[in-house]
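Welcome! Take a look at the picture and the sequence, and then read on.

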Amino acid sequence: MTPISNPNQRISSIDLVKGLAMLIMALDHVRDYVHASAFLFDPADPEQTTLAIFFTRWVTHFCAPAFSFLAGLSAFMIGKRKPKNELSGFLLKRGLWLVVIELTVINFGWLFDFSFGIILLQVIWSLGISMIVLAGLVYLPRKVILIFSLILIFGHNLLDPISLDNSIAWALFHKLNIFMLSENLMFVVGYPIIPWIAVMSLGFCFGDFYDKSVDSSKRRQRFNMIGIGAIILFVVLRWTNVYGDPVLFQQYDSPGQDLVSFLNPTKYPPSLFFLLMTLGGTLLLLANSEKWKGKLVDFICTFGRVPFFFYIIHIYLIHLIAIGLATLTGFEWEINMVLAAWGAIENPIPGYGFPLWVVYVVWISVILVLFPLCKKFDSYKQSNKDKWWLSYF
């Protein structure tokens with residue numbers, strides 16, 4: 001890829017990684033709604049899972065860190081065309097918009113619960129809050145933002161021993177937790193904001209690598225160096241169990257179980273190990289995909305150019321498919337609309353679910369069904385860049 005000369009030029013490798021993250025994320029969500037074992041045990045439990053189930057889950061670990069990082073990088077590029085006050089205002093408004101959409105449209109899509117008896121704070125919430133924080137950080141010197149990001153990423157596991165199980169505020173910052181606010185209202189904090197805010201601000205700092213003065217070969221070299229270094233550091237720290245994750249690596253009776261334990265650092269919130277592993281891989285992909293071309297690349301990039309649009313509609317489609325599958329296999333889906341308390345309680349339809357191969361068939365079907373819609377919306381965005389509201393989708 002040649003150095004960027006036009007600040008409005010899209011960088012295909014960024015769209016590619018975004019699109020790949022969205023598609024892999026959809027695999028995880030299909031598994032949540034369709035796979036029988038998803039309701040019986042943690043797919044990353046070394047004592048119960050299989051390697052096929054584990055790696056179906058493991059590959060999706062890269063999605064949220066990659067997208068949060070790239071959201072920060074994209075914010076930097078937007079800032080090249082706007083003064084800081086306009087960039088800050090945009091990030092603030094978009095962040096608030098994402099939080100509102102999480103609590104309404106997306107929560108309903110997950111649950112189909114007309115009473116809104118469960119409030120889920122998940123990835124879109126974390127992206128929204130991270131943008132709000134970044135709206136303030138953009139006024140600081142780039143080195144200060146980088147130091148802030150690295151301190152949170154490398155140091156937040158020092159907070160792990162703090163146990164405030166009844167504190168909603170602490171859950172919002174650093175501990176996954178579930179609270180019963182009333183008899184009929186459950187509050188689930190799935191994505192505490194530390195260190196997600198630092199992942200996005202780190203991505204913002206990496207925007208400098210895409211300046212037109214930086215040759216693409218030098219960018220690739222630096223990304224490869226940082227990515228490989230992050231993964232080596234992950235392997236060394238994970239093996240020694242010195243610091244970086246509240247759940248230690250354990251050795252079992254089989255190499256397969258050892259591998260599952262080793263590659264399963266904590267995601268909620270993401271530990272230092274988790275971020276070294278996933279962001280290291282993301283940087284390697286960014287480094288080496290700039291010259292990739294072809295129909296498959298174009299196909300994936302389409303989703304990367306309309307990620308928020310895809311995110312919303314894919315949740316509704318997968319949930320509707322789950323209802324259809326439950327109906328076809330003789331289950332009374334009306335009881336809880338299939339997983340109306342998804343992720344919070346045990347499976348409300350005992351016996352429902354399908355083998356892993358069905359998960360992959362449904363996943364591919366979802367992608368193929370949504371591609372024409374995403375392509376059409378992408379074309380509409382490209383033809384209507386003057387419409388301000390499209391920047392929120």
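Predicted model: local features only at pLDDT ≥ 70, side-chain atom pairs only at ≥ 80, totals over all residues.

Helices (H or I, at least four residues) and strands (E, at least two) are DSSP runs, numbered from the N terminus.

Is asparagine 241 buried or partly exposed? Its relative accessibility is 23%, so asparagine 241 counts as partly exposed.

Phenylalanine 112 also has a positive phi, near 50°, and is likewise a residue other than glycine. You will find phenylalanine 112 in the loop between α4 and β1. Here the relative accessible area is 8%, so phenylalanine 112 is buried.

Now turn to the strands, with β3 (residues 185-189) as our guide. Strand β3 is mostly covered, as four of its five residues are buried. On one side of the story is β1 (residues 118-121), which runs parallel to β3 and is joined to it by four bridges. Within this pairing, isoleucine 118 has methionine 186 of β3 as its bridge partner.

Strand β2 (residues 177-182) pairs with β3 too, this time in the antiparallel sense and over five bridges. Which residue of β3 is the bridge partner of isoleucine 178? The partner is valine 188.

## A helix residue and a strand region

Helix α4 is where threonine 104 is found. With a relative accessible area of 35%, threonine 104 is partly exposed. Its C-alpha atom is separated by 9.0 Å from that of isoleucine 119, a residue 15 positions apart from it along the chain.

## Salt bridges

How many salt bridges does a search of the whole structure find? It finds seven. One of them joins arginine 31 and aspartate 32, with 3.4 Å between the closest N and O atoms. Both arginine 31 and aspartate 32 are buried. These two residues also belong to a network of salt bridges that links Asp28, Arg31, Asp32 and Arg57.

Another salt bridge is formed by lysine 175 and aspartate 165, whose closest N and O atoms are 4.0 Å apart. This pair links distant parts of the chain, 10 residues apart: lysine 175 sits in the loop between α7 (168-174) and β2, and aspartate 165 in the loop between α6 (142-155) and α7. Lysine 175 counts as partly exposed because its relative accessibility is 29%. Aspartate 165 is partly exposed as well, with a relative accessible area of 42%.

The side chains of arginine 305 and aspartate 378 meet in a salt bridge too, at 2.8 Å from N to O. Arginine 305 lies in helix α12 (residues 295-305) and aspartate 378 in helix α14 (residues 356-383), so this pair ties together parts that are 73 residues apart in sequence. Aspartate 378 has a relative accessibility of 7%, so it counts as buried.

Arg81, Lys82, Lys93 and Lys385 form a positive surface patch. One of these residues, lysine 82, is placed in the loop between α3 (63-79) and α4 (84-111). Lysine 82 is partly exposed, as its relative accessible area is 31%.

## Two cis peptide bonds

Our last stop is the backbone. Isoleucine 194 and proline 195 are joined by a cis peptide bond, with omega at about 10°. Proline 195 is in the loop between β3 and α8 (196-205).

A cis peptide bond also joins tyrosine 268 and proline 269, and here omega is about -5°. Where is proline 269 found? Look for proline 269 in the loop between α10 (255-262) and α11 (272-288).

Technical notes. Residues numbered from 1 in each chain as written. Heavy atoms only, no water. Patch = residues over 30% accessible without salt bridge, like charges linked within 9 Å, V, L, I, M, F, W, Y side chains within 5 Å. Areas by Shrake-Rupley, 256 points an atom, 1.4 Å probe, with all protein chains shown as cover. Lys, Arg positive; Asp, Glu negative; His and termini not counted. Charge placed at Lys NZ, Arg CZ, Asp CG, Glu CD. Buried < 20%, exposed > 50% of the residue type's maximum accessible area, 1.4 Å probe, protein only. Pairing = 2+ DSSP bridges.
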